[in-house]
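The following note sets out points for a colleague who is reviewing the model.

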Amino acid sequence: QVQLVESGGGLVQAGGSLRLSCAASGSILRINARAWYRQTPGKERELVAGFTSGGGINYADSVKGRFTISRDNPKNTLYLQMNSLKPEDTAVYYCAAYQRGSSLYSTPSYWGQGTQVTVSS
């Protein structure tokens, strides 16, 4: 079983920055933590940023230019650097892991527990 643990969320002022981390552990062979989603009440989870199966990066238009996804493969850790935060970025952020080779746009195999990001105006 794969465990994904997010950290780094919190309360920040608009314009501030946060760096989210997702540590993957367990049976991670052939499993990749490679995407960040977010969810607000009443909405489905939205793909924020992720690595495609081809190694490219996809960002939601709403975060492009402000957020940066990265990963440290030897440490099995995924990051999301969030800059110039806006109140509309407020959400629970989840990291997601996929079977190796699976499409970024498929349903992830594993989810983290989520970390709350709140951006005050």
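**Note on the predicted model**

1. Gln1 touches Ser25, Gly26, Ser27 and Tyr110, residues up to four places away in sequence being left out of the count; contact means heavy atoms within 4.5 Å. Between Gln1 and Tyr110 there are 109 residues in sequence, yet their C-alpha atoms are 9.1 Å apart. Gln1 is found in the segment before strand 1 (strands are DSSP runs of E, at least two residues, numbered from the N terminus). With a relative accessible area of 65%, Gln1 is exposed (exposed is over 50%, buried under 20%, partly exposed in between, with a 1.4 Å probe and protein chains only).

2. On the source: this is a predicted model, in which local features need pLDDT of at least 70 and side-chain atom pairs count only at pLDDT 80 or more, while totals for chains, interfaces and linings use all residues. Residues are numbered from 1 along each chain as its sequence is written, and side-chain values use heavy atoms, with hydrogens and water left out.

3. The largest nonpolar core has 29 residues, and Leu4, Trp36, Phe67, Ile69, Leu80, Met82 and Tyr93 touch the most other members. A nonpolar core is a set of buried Ala, Val, Leu, Ile, Met, Phe, Trp, Tyr and Cys residues joined through side-chain atoms within 4.5 Å. Two or more residues each come from strands 1 (2-7), 3 (18-26), 4, 5 (46-51), 7, 8, 9 and 11. Beyond its neighbours within four places in sequence, Leu80 has contacts that include Leu18, Trp36, Val48, Phe67, Ile69 and Tyr93. Another core, of six residues, lies apart from the largest one; Ala35, Tyr37, Leu47 and Tyr98 are among its members.

4. Strand 11 (residues 115-120) has a covered face of Thr115, Val117 and Val119, and an uncovered face of Gln116, Thr118 and Ser120. Strand 11 pairs with strand 2 (residues 10-13) in the parallel sense over four bridges, and Leu11 has Thr118 as its bridge partner. With strand 9 (residues 91-99), the pairing of strand 11 is antiparallel, over three bridges; Val92 stands opposite Gln116. Pairing requires at least two DSSP bridges between the two strands.

5. The lining of the largest pocket comprises 14 residues, with Ile31, Asn32, Ala33, Asn73 and Asn76 nearest the centre. A pocket is an open set of points on a 1 Å grid over the protein atoms alone, where a 1.4 Å probe fits, with protein on both sides within 12 Å along at least five of seven lines; lining residues have an atom within 4 Å of a point. Strand 4 gives the largest share of this lining, three residues.
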